[in-house]
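Dear colleague,

Please find below the structure for your review.

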Amino acid sequence: MSYFYGVSVNNGTRPGFKKTSEKFGICFEGVECEGVAHDVKIKLETFHNWSQVIDIILASLEFFHNASNVEDDLQNKVNDWLGNFEGFGLLFTFLPSEIYQYFLLNYFHIIKTLQEDEDMYSHNNMSFQVDDDIQIQMRNPIPYQDAFHRIKTLYELESGGLPFSDLIPMIEVKFLQLAGGPKDQERRKILLIKFKSSYSKFNFIAKFTIEKKRLRRTLAEIAAEVVGQMVEDSKDLEIPDTLKEVVSDKIVDADWISEKSRYIDEEKFK
């Protein structure tokens, strides 16, 4: 087990990892790094639990209406996630060596303090991994979230009031339309999330493919799919309100497929 939530040694979510919801399927395709050795890319792809980011993406897509709104929503949500306990494992990747060492050393201090609180732990021994070469023996797992908040508060105090949020990289999100290809690719888009830090010597892009499912489970959905390709708004249709909701979903579905104008060169995004 690692204190840095979502990080493990060679046990992360590798490229090809998939998750689905009722309306969407997402596949983690990997990361692209600039100006670093290939082993950094490998570690980013195999040490981190990208399923957490996929969960954030799926939540943003739940009420999808257009790509621009989802891009803005994802930028805010990923930024917030990196500033919290769950995203600290990935944020730790961007820290320069001196700040990296600061957090690691203070982590040991907090571990020791929490171990001394006999009311918090039983006498069952266990061990867990902090870093590649560091292992700590403990009676019971500490409340990791509490340790994170203590380190975060300590950093802001000892840095002269610099907010912890300054360590969070800039996030940029972009949907790319797949150009050309067979018809069965028309429901797929590429989603790129760029992490750009002023503290780090490198930036990287996490790449996902998203497929919007074609839902034809009922006669109403099948009929609404045809109507959704012919109209731009369901409000003026003389049909029951319950069917208007189905048609509205199919209009969004048709827009997802036809949104060719949003295609940009992936190289320009880098």
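The notes that follow concern the aromatic side chains.

Please bear in mind that this is a predicted model. In total, 24 aromatic pairs were counted.

One of these pairs is formed by Phe-28 and Trp-50, whose rings are stacked, with 5.2 Å from centre to centre and 20 degrees between the planes. The two residues come from distant parts of the chain, 22 residues apart: Phe-28 belongs to strand 2 (residues 24-33), while Trp-50 sits in the loop between helix 1 (38-46) and helix 2 (51-61). Phe-28 has a relative accessible area of 0% and is therefore buried, the cut-off for buried being under 20%. Trp-50 also counts as buried, because its relative accessibility is 1%.

A further stacked pair consists of Phe-94 and Phe-204, with 5.4 Å between the centres and 10 degrees between the planes. Because Phe-94 is located in helix 4 (residues 88-94) and Phe-204 in strand 7 (residues 204-212), this pair ties together parts of the chain that lie 110 residues apart in sequence. Phe-94 is buried, at 1% relative accessibility, and Phe-204 is likewise buried, at 1%.

With kind regards

Notes:
Residues numbered from 1 in each chain as written. Predicted model: local features only at pLDDT ≥ 70, side-chain atom pairs only at ≥ 80, totals over all residues. Heavy atoms only, no water. Phe/Tyr/Trp six-rings, centres within 6.5 Å; stacked < 30°, edge-to-face > 60°. Helix = DSSP H or I, 4+ residues; strand = E, 2+ residues; numbered from the N terminus. Buried < 20%, exposed > 50% of the residue type's maximum accessible area, 1.4 Å probe, protein only.
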